[in-house]
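Subject: Structure for your attention

Dear colleague,

Please find below the structure that I am handing over to you.

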Amino acid sequence: VKREGGNRFEYYSPESSIAWTRDRLELEKELRTAILNDELQVFFQPIINARTHQITRMEALVRWPHPTRGFLSPSEFIPLAENVGLIEQLGELVLRMSCLSAYRLLQQGYPVNVAVNVNPRQLMNKNFLQTILKTLQDTQLPAGSLILEITESSIVNNIERVSIILKTLKQLNILIALDDFGTGYSSLTLLRELPIDILKIDKSFVRTLDQNQSDLTIVQAIIGLGNNMGLMVVAEGVETAEQNQILLQHQCYHQQGYYFSRPVPYNALVELIHTKNSSRSPVRDLYEVN
Ligand code: C2E
Ligand code: MG
Ligand code: MG
Ligand code: MG
C-alpha cells in the first residue's frame, strides 16, 4: 500500500485502494493531532561559509516522529498537509520554532540566520505577513536574522501579488531566498521582477557536478549570474569533498549538504557551532555579503 501524499496516479486493486484511502484518512487525523500537540520537530542543517568553515546560517527542516510509522520526512506529509488545509498551521509552528532557536543562538553570541521554507499556500494566505510579524515580535528575533525560502512554483501564477508581499518583507529587513533555483521554467523572469537576496542552486545540479560537464556549466552560470546581481549564492546538496572544491574554485562560498552535516536537532547544531565557530573570530561573513 502506497502512503505517499500528492496527487500521484497509481493503479490499485479496489481493495488496496480502499485500504489506501483509510490509511490516508488515518494519517490526516494523526497529523492534525501531532500539530495540535506540538509533536512535530524542526531539524536544522548548517549552511557553511566554505572559506572560513564557519556556520553562518541554518535551514529549518520539519520532521514528524510518528509513533508507529517512524520518523517521517517532509515529502511524506507536506503534500498531505497541503491537501487537507493543515499547511498554514504547520508552517506557523515551524516558523515559531525556527525563530526561537535562532534567537537562543543569538543570545549565546552566535548570530546564525535561520532559513525557513515557505509553502506556496502559506505565502498566498492573506494572514501571511501578519503571522510573520507576530512571530518575530513574540520571539524577539530581529527581522534581519530571518530568511524565507520560496520556490518558483509558488510564484509563477501570482507574480504581481508575490512581488508586493516580498517587497513588504524586504522593507522589514527579512531576506528572501529562491530555493531549488534552476529547476523551474521562469527563473530569470522571477529574478528580474522580484527582490531576491539569495539563490539556492538546486541539488540536482550539484549532485553530478564532478561528472557532468553541462551541470558544471549550468552551476558556473548560476554563480556568475548571482554574483553579478549582487546576490548570495548557496549550493545545496554538497556531498563530497570534490563538489566542495569545485564550487569553491568557481567562487561559490556558501554551501550546504551532507558533506558538512545532515539536518540535526537544535542541541546537536549548537554543538556543531561550538566546535566550528568558537575557535575563530565571530561570524564575519554576515557582514561581507548581504
Ligand atoms: P529543500 O528546501 O530544498 O531542502 C533541502 C532538502 O535536501 C532537505 O530534504 C535536506 O535534508 C536535503 N539535503 C540536504 N543536504 C543534502 C545532500 O547533501 N544530499 C541530499 N541528497 N539531500 C540533501 P528534506 O528535509 O527531506 O526536505 C525536503 C523538502 O521538503 C524541502 O526541500 C522543502 O521543500 C520541504 N520542506 C522541508 N521542511 C519544510 C517546512 O518546514 N515547511 C515547508 N513548507 N516545506 C518544508
Ligand atoms: Mg529550502
Ligand atoms: Mg532546495
Ligand atoms: Mg525542494
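Glutamate 59 is buried, with a relative accessible area of 5%; buried means under 20% relative accessible area, exposed over 50%, and partly exposed in between, with a 1.4 Å probe and protein chains only. The structure is a predicted model, in which local features need pLDDT of at least 70 and side-chain atom pairs count only at pLDDT 80 or more, while totals for chains, interfaces and linings use all residues. Residues are numbered from 1 along each chain as its sequence is written, chains are lettered from A and ligands numbered from 1 in the order in which they are written, and side-chain values use heavy atoms, with hydrogens and water left out.

Glutamate 59 lies in strand S2. Helices (H or I, at least four residues) and strands (E, at least two) are DSSP runs, numbered from the N terminus. The side chain of glutamate 59 makes a polar contact of 2.8 Å with the side chain of asparagine 117 and another, of 2.9 Å, with the side chain of lysine 200. A polar contact is a pair of N or O atoms within 3.5 Å; within protein, one must be able to donate a hydrogen and the other to accept it, and residues adjacent in sequence count only if both atoms are side-chain atoms.

**The two magnesium ions**

Which residues donate to the magnesium ion (ligand 2)? Its protein donors are Glu59 (OE), Asn117 (OD1), Glu149 (OE) and Asp179 (OD), at 2.0 to 2.3 Å. Donors are N, O and S atoms within 2.8 Å of the metal (3.2 Å for Na, K and Ca); water is not among the atoms, so sites may look incomplete. Along the chain, the donors of this ion follow the spacing E-x57-N-x31-E-x29-D. Glutamate 59 is in strand S2 (residues 54-66) and glutamate 149 in strand S5 (residues 146-151), so the pair ties together parts that are 90 residues apart in sequence. Glutamate 149, like glutamate 59, is buried.

Aspartate 180 belongs to strand S6, whereas glutamate 236 is in the loop between strand S8 (232-235) and helix H10 (241-249); the pair links distant parts of the chain, 56 residues apart. Glutamate 236 is buried, with a relative accessible area of 7%, while aspartate 180 counts as partly exposed at 23% relative accessibility.

**Ligand 1**

Ligand 1 is surrounded by 21 residues, and the closest are Arg63, Asn117, Asp179, Glu239 and Tyr258; a residue is near a molecule if one of its heavy atoms lies within 4 Å of it. An oxygen atom of ligand 1 is 2.8 Å from an N or O atom in the side chain of asparagine 117. A nitrogen atom of ligand 1 is 3.0 Å from an N or O atom in the side chain of glutamine 45. An oxygen atom of ligand 1 is also 2.8 Å from a polar backbone atom of tyrosine 258. Of the 800 Å² of accessible area that ligand 1 has on its own, the protein covers 82% (Shrake-Rupley method, 1.4 Å probe; for residues, only the protein chains shown count as cover). The elements giving two or more residues to the shell around ligand 1 are S2 and strand S6 (175-181). The largest share of that shell, four residues, comes from S2.

**Further residues**

Phi of aspartate 180 is near 55 degrees, a positive value in a residue other than glycine. Phi of aspartate 38 is near 65 degrees, likewise positive, and aspartate 38 is in the loop between helix H1 (14-36) and strand S1 (41-49).

Serine 98 is in helix H3 (residues 87-107) and is buried, with a relative accessible area of 0%. The side chain of serine 98 reaches the backbone oxygen of valine 94 at 2.6 Å.

Yours sincerely
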